Amino acid sequence: MATVRVDIDQHTADVLETRAAELGVTVPELIAELAALDGSAREASADEIAELDARAARATSDTLVSQDHVVQWLRTWGTREYRPWPGR
């Protein structure tokens, strides 16, 4: 496999190094994973859409969670701080 150099600013390099360390991977591994996630959009099946519609219909004000809370939880994925979603 050929190695290619990419120039980035220092802040971006620091962020990548920190995140890679948190996940226990190298920066090239992190970038490869990020690139793989940036593939084409996946089409949802009719069954998946129906399931999402059913879940949305069951949502009530006391079952909704703020986006900020979800984002904080998602940021723990792959880290030592990760815990399953409360109540699951």
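Modeller: Helices (H or I, at least four residues) and strands (E, at least two) are DSSP runs, numbered from the N terminus. The model is predicted, so local features need pLDDT of at least 70 and side-chain atom pairs count only at pLDDT 80 or more, while totals for chains, interfaces and linings use all residues. Residues are numbered from 1 along each chain as its sequence is written, and side-chain values use heavy atoms, with hydrogens and water left out.

Biologist: How many helices does the protein have?

Modeller: The elements run α-α-α-α from the N terminus on. The protein has zero strands, and its number of helices is four.

Biologist: What radius of gyration does the protein have?

Modeller: The radius of gyration is taken over C-alpha atoms, and the globule rule is 2.2 Å times the number of residues to the power 0.38. The C-alpha trace spans about 50 × 30 × 20 Å along its principal axes. For a compact globule of 88 residues the radius would be near 12 Å, but the protein has 18 Å.

Biologist: How are helix 1 and helix 2 oriented to each other?

Modeller: Axes are lines fitted to C-alpha atoms, for helices over the stretch in contact, and angles run from 0 to 180 degrees between N-to-C directions. Helix 1 (residues 10–23) and helix 2 (residues 27–37) pack with their axes 9 Å apart, at an angle of about 90 degrees. Angles of 65 to 115 degrees count as roughly perpendicular. Helix 1 and helix 2 are therefore roughly perpendicular.

Biologist: Which residues in helix 2 meet helix 1?

Modeller: Contact means heavy atoms within 4.5 Å. From helix 1, the residues are Leu 16, Glu 17, Arg 19, Ala 20 and Leu 23; those in helix 2 are Val 27, Leu 30 and Ile 31.

Biologist: Is Leu 16 buried or exposed?

Modeller: Buried means under 20% relative accessible area, exposed over 50%, and partly exposed in between (1.4 Å probe, protein chains only). Leaving aside neighbours within four places in sequence, Leu 16 is in contact with Ile 8, Val 27, Leu 30 and Ile 31. The C-alpha atoms of Leu 16 and Leu 30 are separated by 7.7 Å. Because its relative accessibility is 16%, Leu 16 counts as buried.

Biologist: What relative accessibility does Glu 22 have?

Modeller: Glu 22 lies in helix 1 and, neighbours within four places in sequence aside, is in contact with Gly 78 and Thr 79. Its C-alpha atom is separated by 8.2 Å from that of Arg 80, 58 residues apart along the chain. Glu 22 counts as partly exposed, because its relative accessibility is 43%.

How values were computed. Angles under 35 degrees count as roughly parallel, over 145 as roughly antiparallel, 65 to 115 as roughly perpendicular and the rest as oblique.
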